[in-house]
Amino acid sequence: MRVAVCPGYGAPEVVRIEQRPSPPVDAGQVRVRVNAAAVNYPDVLLIANQYQVSVPPPFVPGSEFAGVVVESGAEGFGVGDRVSGAGMYGAFAEEVVVPAASLSRTPDGVDDRAAAAFGVAYRTAYHTLRSMARVRAGDEVIVLGAGGGVGLAAVQLGVALGASVTAVASTDEKLAAAQFYGAANLVNHRSGDLRDALRDAVPDGANAVVDPVGGELAEPALRSLRRGGRFVTVGYASGVIPRIPLNLVLVKGVHVLGFHFQDVPPDEFERNEAELREHLVSGRVRPHVGAVYPLAETVRALRHVADGRAIGKVLIDLT
């Protein structure tokens, strides 16, 4: 089978395409023929050895995929079942062998591209909005990096929850996508002072900020919160971890939280997952796929994400 391999740490350009034998299926595992895989910013960081954890090279990058079961060593999944899954690495391959527990059935009416694009970004965004930011109908929500995978998902899902969403992004093209999915206010942070722009957009302050970007955008967004508001840090796509003046937290009486799946209470986790699946199955929310590359162009796909040009999700098509 063909796979994309990171032979050693570096820029996306170190990745190459190789032929490798497909691994055997052990008890409790399932072999999936991958039809689509999503490219996420952590993939770029893993390849550069700049993520929170390291994967020793050589390894196959890629953290989420969708396809069809072609061999099963586990109960509950049979040949021909359509599934999606996620892991730390391994998805940029024509076949993957994974634990059955890591798979979800792809709902009828949802194609493999949508299933691959939905998992990590939309689950991150929804659990963040529901369990960390505690967003309710009528809330004012600011989303930084609103054109990226998690950011655009947060825009869509925030609107679905009944919030008024202010989208902050680096280009008018990204903001146009956010507007298409219901953002009420649009802010290009490269067009002027972000703090002033947010004050104009949300004069009474925001209930919540979702920040997958970090860097210099974090502090002005934090300042835009109303008293008791919640700032949720999700990631640092800017490559810079912000330094927040703690006196702002004290004076404004706001809450600063970090998001990890493991920190969501079990009952809320189940509720969120069920609600999110219903959003997908009903068609109320569908992932925005901004670019698709073949496996042979994995380097271009990774570079597209690394350079911050992605709008929504970037996929690799393996059909």
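Trainee: Before we start, what is a salt bridge?
Mentor: A salt bridge is a side-chain nitrogen of Lys or Arg within 4 Å of a carboxyl oxygen of Asp or Glu. Side chains of opposite charge can pair when their charged atoms come close. Please keep in mind that the structure above is a predicted model.

Trainee: Which residue forms a salt bridge with Arg134?
Mentor: Arg134 meets Glu268 through their side chains, with 3.0 Å from N to O. This pair links distant parts of the chain, for Arg134 sits in the loop between α2 and β8 whereas Glu268 belongs to helix α8, 134 residues apart.

Trainee: Is Glu268 buried or exposed?
Mentor: Glu268 counts as buried, because its relative accessibility of 13% falls under the 20% limit.

Trainee: Where do Arg130 and Glu275 lie?
Mentor: Arg130 is in helix α2, residues 112–132, and Glu275 is in helix α8, residues 266–282, so the pair ties together parts that are 145 residues apart in sequence. Arg130 has a relative accessibility of 18% and counts as buried. Glu275 is partly exposed, at 26%.

Trainee: What about Glu219, which residue does it pair with?
Mentor: Glu219 forms a salt bridge with Arg223, and their closest N and O atoms are 2.9 Å apart. Both residues belong to helix α6, residues 218–223, where they are four residues apart, about one turn of the helix. Glu219 is partly exposed at 26%, and Arg223 is partly exposed at 28%.

Trainee: And which residues do salt bridges with shared partners join into one network?
Mentor: Glu13, Arg303 and Asp307 are joined in this way.

Trainee: Changing topic to the strands: in what order do the six strands of the open sheet come?
Mentor: The order is β10-β9-β8-β11-β12-β13, and the pairing is parallel. The edge strands are β10, residues 185–188, and β13, residues 255–258, each of which pairs on one side only. On average, neighbouring strands of this sheet are turned by 15° against each other, direction ignored.

Trainee: How many bridges join β12 to β13?
Mentor: Strand β12, residues 225–233, is joined to β13 by four bridges, and the two run parallel. Among the bridge partners are Thr233 and, in β13, Gly258.

Trainee: Which strands does α2 lie across?
Mentor: Helix α2 lies across β8, β11, β12 and β13, and runs at about 145° to β12. Helix α4, residues 172–180, also packs on the sheet, where it touches β9 and β10. The direction of α4 makes about 165° with that of β10.

Key. Residues are numbered from 1 along each chain as its sequence is written. This is a predicted model: local features need pLDDT of at least 70, side-chain atom pairs count only at pLDDT 80 or more; totals for chains, interfaces and linings use all residues. Side-chain values use heavy atoms; hydrogens and water are left out. Buried means under 20% relative accessible area, exposed over 50%, partly exposed in between (1.4 Å probe, protein chains only). Two strands pair if DSSP finds at least two bridges between them. Axes are lines fitted to C-alpha atoms, for helices over the stretch in contact, and angles run from 0 to 180 degrees between N-to-C directions. Contact means heavy atoms within 4.5 Å.
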